[in-house]
Amino acid sequence: MNHNGLNTLLAVLCLTLLPVGTFAQDKYTLTPVAENLDFPWSIGFLPNGDRLITELSGQLKRLDAAGRLGDPIQGVPEVFHAGQGGLFDVLPHPNFSNNQWIYLSYAAGGQSANGTTVARGQLAGETLNNVEVIFTVNPRKYGPLHYGGRLAWMPDGTLLLTTGDGMDFREQAQYLNTQFGKTIRMNPDGSPPADNPYPEHPYIFTYGHRNPQGLTVGASGAIYLHEHGPQ
């Protein structure tokens, strides 16, 4: 992973080996909050206590504060659901209470040409309105592998998206002329911020990643990212 002089990104891989019996059955209680979900990938938390849940197959569902799981929300973009491809992250806008925007990352396209994509729409009840695609990884690739797809907000209001290396294209993660294996930083409307580190490649924030699917931003602005792989 490389970043010219910007040191806010911390790559964290936590592998904890615990003795057998550390989590004895009498030390914890599992309480299901939703059942019969089809490969749930992400949860987005709304200000009123409701949760939005993505299913890899392309469904977005609301789990209300009382624990009731609703029918699929209408208006979600069509996803490419194959292999590791499908509907990934859901992230409400920081000012969701006033603007109702939610952001979705997903695989779009087909077997021979697909890529990680971000769309946003305004949630009204069980319908997503004014849906627009604001970013698509360039170039597209074949095969349904290594998409990244995690979203997170920065304190300055910009949006981060992780992209995978596409597995067969893993060497391209090391080069700036593709968006494989990158952290993308964009404005809420999908435009590139003027202060990203590589002016000739205006969306790229960091590069050299494999398949980053863990991402969060601390209160100080430090970014914590982890990715699948042997190291």
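How many residues does the largest nonpolar core have, and which of them have the most contacts inside it? The legends below concern a predicted model, in which local features need pLDDT of at least 70, side-chain atom pairs count only at pLDDT 80 or more, and totals for chains, interfaces and linings use all residues. Residues are numbered from 1 along each chain as its sequence is written, and side-chain values use heavy atoms, with hydrogens and water left out.

**View 1. The largest nonpolar core has 17 residues.** Tyr 103, Val 118, Phe 135 and Met 186 have the most contacts inside this core. Two or more residues each come from strand 6, strand 8, strand 9 (148-153), strand 10 (159-163), strand 11 (182-186) and strand 12 (204-207). A second, separate core of 16 residues includes Leu 87, Val 90, Ile 102 and Tyr 106. A nonpolar core is a set of buried Ala, Val, Leu, Ile, Met, Phe, Trp, Tyr and Cys residues joined through side-chain atoms within 4.5 Å; buried means under 20% relative accessible area (1.4 Å probe, protein chains only).

**View 2. Surroundings of Tyr 103.** Leaving aside residues up to four places away in sequence, Tyr 103 touches, among others, Val 90, Val 118, Ile 134, Leu 151, Trp 153 and Pro 188. Contact means heavy atoms within 4.5 Å.

**View 3. An open sheet of 4 strands in the order 5-6-7-8, with antiparallel pairing.** Strand 5 (87-92) and strand 8 are the edge strands, each pairing on one side only. Neighbouring strands of this sheet are turned by 25° against each other on average, direction ignored; the axes are lines fitted to C-alpha atoms, and angles run from 0 to 180 degrees between N-to-C directions. Strands are DSSP runs (E, at least two residues) numbered from the N terminus, and two of them pair if DSSP finds at least two bridges between them. Strand 5 and strand 6 share 4 bridges, with Leu 87 partnered by Tyr 106.

**View 4. Strand 7 (residues 113-124) and its two partners.** Strand 6 (residues 101-110) is joined to strand 7 by 10 bridges, and Tyr 106 stands opposite Thr 117. A hairpin through 2 residues links these strands. On strand 8 (residues 127-136), to which strand 7 is joined by 7 bridges, Asn 129 is the bridge partner of Gln 122. In the hairpin of strand 7 and strand 8, Gly 125 takes a positive phi near 65°.

Conventions. Buried means under 20% relative accessible area, exposed over 50%, partly exposed in between (1.4 Å probe, protein chains only).
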